[in-house]
Amino acid sequence: MSKFLRVGLALVLPALVIAGFILLPPVSSTPVTSVASAFEVSVEPKPLQAVCPGALIEVGGEDGTDLDLIERIGEASIKGYSSEEITVPPLTGESLPLIVEGAEQSTELLSVIQTQAASRQRASGLAAAFCEQPVTSGWFISGASGVGNESVLSAANWNEVDTQLIVELHSTGGVVSERFALAAGQERLITLAPLAALASVYAIRVESTGPALAVAMQNRWSRGLTPLGIELTSTTQLPATLHWIQPVTVLAEGYQRPTLRLFSPFGAAEVVVTAFGDQDPQLIRTVVPEAGFAEVDLELGQGSYLLKVESDIEVLAGVRNPALDPLDYAWVYPQELFTSVALPVPGYNSVLRLANPGALAISITVATTTNDRPSYQTLELGPFETIGIPLSADVVSVQSASEFLAAIEIVDGAGYAVIGPSENRNLGEDLLVSVR
């Protein structure tokens, strides 16, 4: 660079800096605030899918000696209802997905149940389940291991991409976890005994690392050479401070009481349980240790009850209810509140159990349909009242302006089971979007 150029730059640059201070507008010290706007968009929900968990699972063969063998046994009976045209196969062995399209989604659009009776050397009774939408995570509280108890998971990936299922076993001894790969369209049967080790009671948390999966838990109970029942649920739950559980029907008075199991994953919890029946409400208080369990024998007289489970921190809850005639048992889990629900009726002796969880009386309309011919009745339910309606129809639907609880209780020579429905719905319809 020449001497004259260096001198010129030395004279020009200060002048440019001075000009910048003079000509450029001052920067405002007032912060820029964003303006939020909201608008509604109409989004068509994706097709509604429900998955039936499939036929019962046997571990170790019929006599239990083939330890490496885990397989399906028999076929489950499928009953479905839809306001659209849909084909529901009457039987299934494997996990079964059912899909229907519709803008307004609920159990009116798709509602499916499965049932299966078993009479095996180590397992007998009736298992029934509501066919649920796939989930990305959830809990099962009913895990049991050791002599006479067995818990098994089934998981199906009905997506077009691979994923992994994380299974966490929570017991008083701590947390044990394992990952299971699930290819697109793959199903896995997972015995929980290796994870449980010496834990006789445990809760299971499941989580998919990718899309939602259809996960179910099956429990088997026996004493010596006498099988005491088999149970199946496809409904996961989440910890909460309030649970409603019904029906808790005393079916084995003088034999074994229903047992309430509580699990507190986050800290010690103080729990208050209120049992509403035909007599005055019964109050039960208990404390659940941190990452621990409490099991409470419910000293209830003959009848059917609604349980209100309240706690100061979030807990999981469920009731193991034994039956003497038939010799079987069922787990009864917390249920959703409905203002409208539709259910196909299983091909066994069944009772529709309804409960009012509120402090005011409500009116409920029950419609039963047989051979496309509906029949209606209107009921009044007092505060915290329960009622049972025998079913002999193809489909039952219930509607009310107020929230209620509904379940189907099966008491049949084949066994005992409770089917607790949940709402079937995908995100869609009119959404309110805020843009900032």
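Visitor: Leaving aside its neighbours within four places in sequence, which residues is Gln237 in contact with?

Guide: The model shown here is a predicted one. Gln237 sits in the loop between strand E17 (226-233) and E18. Beyond its neighbours within four places in sequence, its contacts are Gly138, Trp139, Ile141, His243, Leu316, Ala317, Tyr333 and Pro334.

Visitor: Is Gln237 buried or exposed?

Guide: The cut-off for a buried residue is a relative accessible area under 20%. Gln237 has a relative accessible area of 10%, so Gln237 is buried.

Visitor: Which backbone atom lies 3.0 Å from a polar atom of the side chain of Gln237?

Guide: Ala317 is among the residues in contact with Gln237. At 3.0 Å from a polar atom of the Gln237 side chain lies the backbone oxygen of Ala317.

Visitor: How many helices and strands does the chain have?

Guide: The chain has 436 residues, and buried residues make up 50% of them. Among contacts between residues at least 6 apart in sequence, 76% join residues at least 24 apart. As for helices and strands, the chain has two helices and 32 strands.

Visitor: Where is Pro247 found, and what is the form of the peptide bond from Gln246 to Pro247?

Guide: Pro247 belongs to strand E18, which covers residues 240-249. Omega of the peptide bond from Gln246 to Pro247 is near 0 degrees, and the form of this bond is cis.

Visitor: How far apart in space are Pro247 and Val418, C-alpha to C-alpha?

Guide: Pro247 counts as buried because its relative accessibility is 0%. Setting aside residues up to four places away in sequence, Pro247 touches Ser304, Tyr305, Val332, Gln335, Arg353, Ala407, Glu409 and Val418. Pro247 and Val418 are 171 residues apart in sequence, while in space their C-alpha to C-alpha separation is 8.0 Å.

Visitor: What kind of peptide bond joins Asp325 and Pro326?

Guide: Pro326 is placed in the loop between strand E23 (304-323) and strand E24 (328-332). With omega at about 10 degrees, the peptide bond that joins Asp325 and Pro326 is cis.

Visitor: Which cysteines does a disulfide join?

Guide: A disulfide is a covalent bond between the sulfur atoms of two cysteines. The structure holds one disulfide. With an S to S distance of 2.1 Å, the joined cysteines are Cys52 and Cys131.

Visitor: How many residues apart in sequence are the parts that Cys52 and Cys131 tie together?

Guide: The disulfide of Cys52 and Cys131 is right-handed, because the torsion about its S-S bond is about 100 degrees. Cys52 lies in strand E2 (residues 48-52), whereas Cys131 lies in the loop between strand E9 (124-130) and strand E10 (137-144), so the parts tied together are apart in sequence by 79 residues.

Visitor: To which backbone atom does the side chain of Glu58 reach at 3.3 Å?

Guide: Glu58 is in strand E3 (residues 56-59), and Glu58 is buried because its relative accessible area is 7%. Not counting residues up to four places away in sequence, Glu58 touches Leu69, Ile70, Glu71, Ile73, Arg120 and Arg122. At 3.3 Å, the Glu58 side chain reaches the backbone nitrogen of Glu62.

Visitor: How many nonpolar, polar and charged residues does the lining of the second largest pocket have?

Guide: The second largest pocket holds about 330 Å³ of space. Its lining consists of Lys46, Pro47, Gln49, Ile99, Gln133, Pro134, Trp158, Asn159, Pro211, Ala212 and Asn426. By class, the lining of the second largest pocket has six nonpolar, four polar and one charged residues.

Visitor: What is phi of Ala197?

Guide: Ala197 is located in the loop between helix H2 (193-196) and strand E15 (201-208). With a relative accessible area of 56%, Ala197 is exposed. Phi of Ala197 is positive, in a residue other than glycine, and its value is near 55 degrees.

Visitor: Is Asn371 buried or exposed?

Guide: Asn371 lies in the loop between strand E27 (362-370) and strand E28 (373-381). Although Asn371 is not a glycine, its phi is positive, at about 50 degrees. A residue is exposed at over 50% relative accessible area. The relative accessibility of Asn371 is 62%, so Asn371 counts as exposed.

Methods:
Residues are numbered from 1 along each chain as its sequence is written. This is a predicted model: local features need pLDDT of at least 70, side-chain atom pairs count only at pLDDT 80 or more; totals for chains, interfaces and linings use all residues. Side-chain values use heavy atoms; hydrogens and water are left out. Helices (H or I, at least four residues) and strands (E, at least two) are DSSP runs, numbered from the N terminus. Buried means under 20% relative accessible area, exposed over 50%, partly exposed in between (1.4 Å probe, protein chains only). Contact means heavy atoms within 4.5 Å. A disulfide is a pair of cysteine sulfur atoms within 2.5 Å. On a 1 Å grid over the protein atoms alone, a cavity is a set of points where a 1.4 Å probe fits but cannot get out, and a pocket is an open set with protein on both sides within 12 Å along at least five of seven lines; lining residues have an atom within 4 Å of a point. Grid points are joined across faces, edges and corners, and a volume is the space filled by probe spheres set on the points. Ala, Val, Leu, Ile, Met, Phe, Trp, Tyr, Cys and Pro count as nonpolar, Asp, Glu, Lys and Arg as charged, and the others, Gly among them, as polar. A polar contact is a pair of N or O atoms within 3.5 Å; within protein, one must be able to donate a hydrogen and the other to accept it, and residues adjacent in sequence count only if both atoms are side-chain atoms.
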